[in-house]
Amino acid sequence: MGRDILQNPHDEYHKLTRVERIGYGMGDFAQNLVFGTIGGFLALHMLTVNAISTATAGFIFLFVRIINVFWDPMVGTFVDKRTSKSGKYRPWLIRAGIPLVILSALLFAPIPGVRGSVPFAFIVYFVLDLVYSVVNIPYGSLNASLTRDPESIDKLTSTRMMLANSANLLVYTLFPMFVQMASPKDRSLKDTGFFGLELHLGNYTDPSASYAWFGVYSVYMLIGAVALFLCYKLTKERVVATKEQTASVKTTDLFLELKNNRPLVILGIFFMLAFTFMFFMNTVNGFFNQYVVGHSEWMGAIGLVASIPGILFPVFWPRLKKIFGKKGFFHLFLGMFIVGEMLTYIWSLEGMHDALWLAYVATFIKQWGLTSATGFMWALVPEVIAYGELKSGKRNAAIINAIMGIFFKIGFTIGGAVPLWLLAVYGFNETDVHQHANAIAGINMTAIWIPMFLAVVSMIAIQLYPISDENVTDINRRLDEIRI
């Protein structure tokens, strides 16, 4: 009975309410809070507080991501072949969400006897990443099952990105500040960059800060767990595979989608490039502030400025897409990201480190471009799923999201592991308070120049994307004819 209601075609063009859009967006909020903190700060924690070598940490990130190339398709197939009264995708937010929260907290847990333990860090991070796929792939698939209405999908993307970037505010603005406030060593009154606000901040890269890291992160995990529960309660699946489509799902469908779904491959390459330069920047952001410009106390204020475009401006994305077109939208904002990176380079020059205004301007422009380009690309996934259904006769939403997850994980792998190896090559010493010129050059290379180059390549990739808005309307019309 419940399954028949979910598959009612007359409800597939449902206009999503604001509560439904916010409910779905709470999933992004939760995952950014949980995994965004790991992506932005785990490397710094591993190298300094946990005393794991730079090269070893890079290997851990690389190995785990390679395993995901094989794991994600299995998760996608497993999810697509099953359903329940609660839905095909929603239940996994709870089933895997609880282990995700616990494992995440363990990565920062100051457990006696395991500080600097490579096996412990490796095993926990490895299992965490496997569980993350069991949350992220169904969550991404849920996006395409809420509605087929293009206007609602655009609005949903804007809403979810506003909530995702609200979580980024907590991660990149407040998390490092909270940890520094709780860190016991070298505490002193420092200007935070918040318009003259001064706080007693400690050294959060010292091993004595381990309890500070764990305490702050534990609070974040509790908030993330509540957000996942809200996503589960406030969403409803309407566009799902039929019983026949569900029964016919095979692991080999992944290869058929890659072979026959050209928009999927192009969008996947764009995802890979975008997440590569995003995580290149995120991985070394703490290093840049700590060692290049020497203002780790400003990270909270700069993070606040960085979060503004992602929280306030997504509401304008649907209108900007209509003005500039789908491809023009991405070119505009990737260009803004490049301009922001150029200004970041100027900030890195000697004599410019204390220019807080420049840090604000560079970060604002860079993040406006980054959050818009990497945020709105999620609006293209439902149309790629619909295109695949038209081509193959199968609605492999989870498998397609697993494929997108593979591209995402490749970008995450390169962006998480390669910067650490480059820092090692450039001679970064995790025990030195001050780094020599080569190490500084390595940080600048990973934080500025490589992301700029990859942004240019991303602009070329998105230019090749073949589905226009007119194509989306035609695809939906042809699917309606088949479903009736």
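Biologist: Before we start, what is a pocket here?
Modeller: A pocket is an open set of grid points with protein on both sides within 12 Å along at least five of seven lines. The model we are looking at is a predicted one.

Biologist: OK. What volume does the second largest pocket have?
Modeller: The volume of the second largest pocket is about 510 Å³.

Biologist: Which residues lie nearest its centre?
Modeller: Asn203, Thr205, Gln290, Tyr291 and Val433 lie nearest the centre of the second largest pocket. They belong to a lining of 24 residues.

Biologist: And how do the residues of that lining divide into nonpolar, polar and charged?
Modeller: In the second largest pocket, 12 lining residues are polar, seven are charged and five are nonpolar. Helices α2 and α11 (262-292) each supply at least two residues of this lining.

Biologist: Now the largest pocket. What is its volume?
Modeller: The largest pocket has a volume of about 650 Å³. Its lining has 30 residues, and the closest to the centre are Pro150, Glu151, Asp154, Lys155 and Lys321.

Biologist: Which element gives the largest share of that lining?
Modeller: Helix α7 does, with eight residues. At least two residues each come from α7, α13 (317-348), α15 (381-392) and α18 (469-483).

Biologist: What about nonpolar, polar and charged in the largest pocket?
Modeller: The lining of the largest pocket has 13 nonpolar residues, 12 charged and five polar.

Biologist: Let's go back to α2. Where is Met46?
Modeller: Met46 sits in helix α2, which covers residues 18-49.

Biologist: Is Met46 buried or exposed?
Modeller: Met46 is buried, because its relative accessibility is 1% and buried means under 20%.

Biologist: What about the phi of Ala51?
Modeller: Ala51 is not a glycine, yet its phi is positive, about 55°.

Biologist: Which loop holds Asp186, and what is its phi?
Modeller: Asp186 is in the loop between α7 (150-182) and β1 (188-191). Asp186 is not a glycine either, and its phi is positive, about 55°.

Biologist: Last one: how far apart are Met46 and Asn282?
Modeller: Their C-alpha atoms are separated by 15 Å, while along the chain Met46 and Asn282 are 236 residues apart.

Definitions and conventions
Residues numbered from 1 in each chain as written. Predicted model: local features only at pLDDT ≥ 70, side-chain atom pairs only at ≥ 80, totals over all residues. Heavy atoms only, no water. Helix = DSSP H or I, 4+ residues; strand = E, 2+ residues; numbered from the N terminus. Buried < 20%, exposed > 50% of the residue type's maximum accessible area, 1.4 Å probe, protein only. 1 Å grid on protein atoms, 1.4 Å probe; cavity = no way out; pocket = protein on both sides within 12 Å on 5 of 7 lines; lining within 4 Å. Points joined across faces, edges and corners; volume = space filled by probe spheres on them. Nonpolar A, V, L, I, M, F, W, Y, C, P; charged D, E, K, R; others polar.
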